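These notebook entries record what I looked up in the structure. I began with charged pairs and then turned to other features.

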Amino acid sequence: MFRDVFSLFIENRKALIGLIILAFFSIVAIFAPLIAPYDPKTNKVEVLSIVEEEIGRTKTVEREEIDEFTEKRVYTQSITTTYEKVTTKLPLNAKPSRNHLLGTTRAGQDLFSQMVYGTRITLAVGLITGLFTTLLALTLALVAGYFGGIVDDIISLFTNVFLVIPSLPLMIVIAAYITVKGVIPIVLILGLTSWPWPTRILRSQVVSLKNRDFVRVSRILGERPLYIVFREILPNMISLVMASFFTSTMAAIMGEATLEFLGLGNVSVVSWGTILYWAQNSGALLSGAWWWFLPPGICIALIGTSFALMNFAIDEISNPKLRKR
Amino acid sequence: MNRQESEQLLQCRNLVAGYRIKSGFVHAVDDVSFDLERGGFLGIAGESGCGKSTLAFAIMRLLKDNATIENGSLFFNGTDLVGLREEEMKKIRWVDISMAFQSAMNALNPVLSIGEQLTDVIHAHGEVRQSEARDRAIEALKLVDIPRDRFNSYPHQLSGGMKQRVMIAMALILNPDLIIMDEPTTALDVVVQRTIIEKIQELRKSLGFSVIFITHDLSLLVEISDTLAIMYAGKIVEYGNSDELFNMPLHPYTIGLMNSFPSLTGKITRMGGIEGKPPDLLNPPEGCRFHPRCPHAMDICEKSCPALQKVDPRHSVACFLHKGAENL
Amino acid sequence: MSGDILVLEGVRKHFPVNSLRRHGKFVHAMDDISFSLRSGEVLAIVGESGSGKTTTANVISRIYRQTEGSVVFEGRELSGKMTRTEELKYHKRVQMIFQDPFGALNPTRTIGRIMERPFVIHRIAEDRKAVSEKVDSTLTQVGLEPPDQFKRKFPHELSGGQRQRVNIARAFAVEPDLILADEPTSMLDVSNRMSIMNMMLSLKESHGVSFIYITHDLAGARYMSDRIIVMYAGMIMEIGPAEEIITNSFHPYTKLLKSAAPAPETGLKRKPLITGGDIPSLIDPPNGCRFHPRCPFAKEVCSLEIPPMKKIGDDHYARCVL
């Protein structure tokens with residue numbers, strides 16, 4: 001069954017394009033050290049070489065005979081090494097060139113390397129947050145939807161209250177107040193503010209599946225509730241869960257970029273969002289340094305598109321009416 | 001049928017219609033012919049997948065994009081509807097021929113009141129003043145026993161039976177000569193169904209329109225229609241006067257179908273039904289389409305497809321058991 | 001009465017309209033439902049939509065708990081809370097077949113996996129081989145041969161008739177004492193219906209199962225059952241032997257059902273219906289007899305109190321003042 005869905009997915013052109021884009025960025029992220037020509041945070045290239053090494057004479061200080069076979073000798077030797085260090089400062093605010101495919105920042109950092117290394121953080125934060133949010137939402141949805149009653153009432157109340165709170169301002173407020181800055185706080189903030197929406201969607205799917213005849217049949221046959229939840233209901237929700245995951249990941253990537261852009265993350269970590277932050281801070285927009293702010297913007301848009309395409313593909317697969325004959 | 005041409009409202013001749021999919025062409029309607037006289041009631045009986053809905057849409061020229069009429073003619077009042085230009089067809093559609101769809105739940109727009117939907121129909125087919133359209137809509141609702149205070153009701157506020165009656169009102173509102181009804185009562189309770197049928201009979205008497213009634217419920221059809229056509233796998237396998245067909249069914253499919261309806265009277269004996277399932281219209285069986293399921297299949301049935309032939313002035317059947325074998 | 005496998009006494013089922021508020025309006029889906037089912041008999045429950053026939057089946061199968069009244073199965077009263085063992089025992093004895101053949105099958109599982117479950121849950125077979133043999137023999141019993149070919153398929157690859165056979169096979173797999181069949185043929189093609197009905201009848205004979213057969217079709221009820229219950233708006237209107245109910249219908253609603261049913265023998269000589277009207281709302285049912293607003297024979301007393309069940313003949317009762 002899942003093999004069928006998987007092959008349907010691959011055959012769909014939209015999914016394929018989305019998957020290719022995602023694969024492309026994933027490869028870049030994984031092989032970042034091999035792809036990036038420079039260290040992303042450095043503004044110079046240092047080449048250290050040894051010019052000459054002069055070994056001086058040996059001068060004995062002490063000599064002692066311990067026994068018939070053993071002798072102890074203390075001596076000094078001086079070695080003089082002459083180094084050559086060539087420091088090439090990277091150009092500041094340079095336009096794209098052969099050495100610097102995407103130019104440099106005002107501080108002289110190579111943007112191409114920054115973009116390549118930034119892919120790691122962006123993708124990691126996006127995917128981890130997406131996974132976290134989806135798992136949390138799914139768990140709450142299954143518990144609330146299947147068991148109903150007061151458990152459902154409480155979880156739904158909770159969800160609805162959090163849903164009403166605008167997530168972006170909440171994110172900003174939380175991020176501004178916490179003292180620990182870094183990637184993990186960002187993941188937590190994003191995850192804890194975006195779970196209500198998918199929870200609601202997944203819960204209503206659980207409820208509607210619970211009322212389907214085949215679930216009733218299972219109950220009448222005497223199946224245990226846990227079996228019903230995981231083997232009857234969940235497999236029929238796979239496409240919705242996947243769509244949820246893609247949406248959450250997309251939102252997380254956007255959210256992360258937004259928070260970093262506002263300077264609320266750790267601005268010394270290199271991600272597409274922080275690149276934009278520094279671009280903004282250094283007046284790149286004003287000075288027209290398009291190579292600074294365009295690439296992160298375009299890449300964020302591209303990743304967003306890839307997830308959106310995969311989402312469309314899932315829609316088409318799960319709703320046969322949308323499929324082109 | 002030895003009747004004058006002018007008495008025939010609709011003459012369907014060798015109609016072929018279907019739809020194109022990736023793997024080929026599905027002949028949902030394969031060489032179908034029948035006549036409908038003015039004021040007559042033709043019942044078309046068949047199960048799912050026999051092509052009866054495609055036939056209904058073909059007559060109305062409402063087939064969707066990948067569905068087409070490939071061949072044949074539909075003479076309505078002398079004009080061939082096949083090949084008629086869309087602007088010309090628009091003048092006929094709903095004004096002369098209208099349709100009541102299966103499951104009114106889906107055919108009515110949930111965000112418009114029923115009064116608005118009726119007046120929309122009127123306005124779409126001519127320049128009429130708002131007040132006059134409203135009056136005619138109220139009249140139409142009255143015909144189907146829906147009180148005028150329901151004019152502004154929305155479909156979800158009406159019961160299933162009332163929604164179906166609104167559908168019928170919509171079909172009647174421009175006073176057509178022919179109404180095609182595609183399973184109009186299938187989703188309704190038996191008492192409501194009977195009420196609707198009685199209403200249709202009553203309106204037929206007073207307004208004089210003809211009806212093509214399509215359903216799978218053969219026992220109902222025998223009661224209410226003058227002429228009966230049994231469809232199977234895109235073809236008409238038996239055709240004629242309903243009393244004759246009921247008293248003397250000839251085609252094995254018709255016999256099997258009649259054996260599938262338990263009755264309220266008479267002895268209770270185990271009845272037969274029909275084995276197997278309807279064929280795939282993309283690759284129908286060779287020869288007679290019914291032969292794989294037929295208890296009386298002969299060698300010839302696998303090789304050629306029998307044509308609909310008269311065995312009586314008002315009874316035709318497409319079966320080698322009865323006629324046609326001698327021609328081959 | 002001995003020989004009664006199931007007895008319902010004064011069963012009521014009311015659903016709250018608004019789930020959060022306990023003291024609001026209620027849907028009176030079942031009111032004062034009392035009847036007994038004898039061992040080995042087929043009892044048909046006939047009614048239109050809103051009659052409460054499906055709710056009755058859901059209460060007997062314990063999808064819902066009754067609001068009031070008792071359900072006694074094989075001598076033991078079913079209580080609100082049952083232990084897991086008790087529940088399992090009950091489900092081994094009472095099974096249900098649903099109306100929509102496709103909806104009753106999990107679209108993501110193969111027929112083989114679906115058929116394994118009843119044997120595994122109730123420990124009817126212990127190891128994989130025994131389970132597989134059981135599945136094969138059950139599928140063969142319902143005419144799905146060769147079983148191996150069907151076990152590999154998914155529900156959407158089967159026809160409507162075949163799907164319903166799987167559902168029936170699954171219900172019979174646990175060798176129940178009682179099967180509830182909720183309109184098992186109404187969503188099937190006409191030509192399939194007879195073979196499914198006949199199959200249920202022969203399985204009933206060979207396994208000695210009692211049946212509650214729910215339908216809106218009076219003729220189908222006559223074909224399948226020994227006794228018929230006629231339900232309207234949540235209450236029983238008439239109950240008696242099948243042939244009696246049909247030839248000597250007493251309650252005006254039963255007469256209405258009979259006159260509304262298709263009867264090709266009468267042709268155009270049919271008489272018009274004795275009354276029209278709609279089924280009443282179950283949230284605010286009419287006072288007194290639920291049928292009185294539509295009844296052509298209604299008297300004043302009919303709008304004041306609900307008539308009790310009255311004996312009319314041998315084993316034949318009707319809820320009517322006439």
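I looked up C:Glu68 in this predicted model and found a salt bridge to C:Arg12, with the closest N and O atoms 3.4 Å apart. The pair joins distant parts of the chain, for C:Glu68 is in strand E4 of chain C and C:Arg12 in strand E1 of chain C, 56 residues apart. I noted C:Glu68 as partly exposed at 44% relative accessibility, and C:Arg12 as partly exposed at 26%. I then traced a network of salt bridges that links C:Arg12, C:Asp31, C:Glu68 and C:Arg290.

I next examined C:Glu87, which forms a salt bridge with C:Arg62, the closest N and O atoms being 4.0 Å apart. C:Glu87 is in helix H2 (residues 84–93) of chain C, and C:Arg62 lies in the loop between H1 and E4 of chain C, 25 residues away. Are these two residues buried or exposed? C:Glu87 counts as buried because its relative accessibility is 17%, under the 20% limit. C:Arg62, at 6%, also counts as buried.

I turned to the sheet of chain C. Four strands form an open sheet in the order E2-E1-E4-E5, with antiparallel pairing. Strands E2 (26–38) and E5 (76–77) of chain C are the edge strands, each pairing on one side only. Two bridges join E4(C) to E5(C), and C:Val72 stands opposite C:Glu77 in E5(C). Helix H1 (residues 53–60) of chain C lies across E1, E2 and E4 of chain C, at about 115° to E1(C).

Finally, I recorded the count for the whole structure: 35 salt bridges over all chains.

How values were computed. Residues are numbered from 1 along each chain as its sequence is written. Chains are lettered from A and ligands numbered from 1 in the order in which they are written. This is a predicted model: local features need pLDDT of at least 70, side-chain atom pairs count only at pLDDT 80 or more; totals for chains, interfaces and linings use all residues. Side-chain values use heavy atoms; hydrogens and water are left out. Two strands pair if DSSP finds at least two bridges between them. Contact means heavy atoms within 4.5 Å. Axes are lines fitted to C-alpha atoms, for helices over the stretch in contact, and angles run from 0 to 180 degrees between N-to-C directions. A salt bridge is a side-chain nitrogen of Lys or Arg within 4 Å of a carboxyl oxygen of Asp or Glu. Buried means under 20% relative accessible area, exposed over 50%, partly exposed in between (1.4 Å probe, protein chains only).
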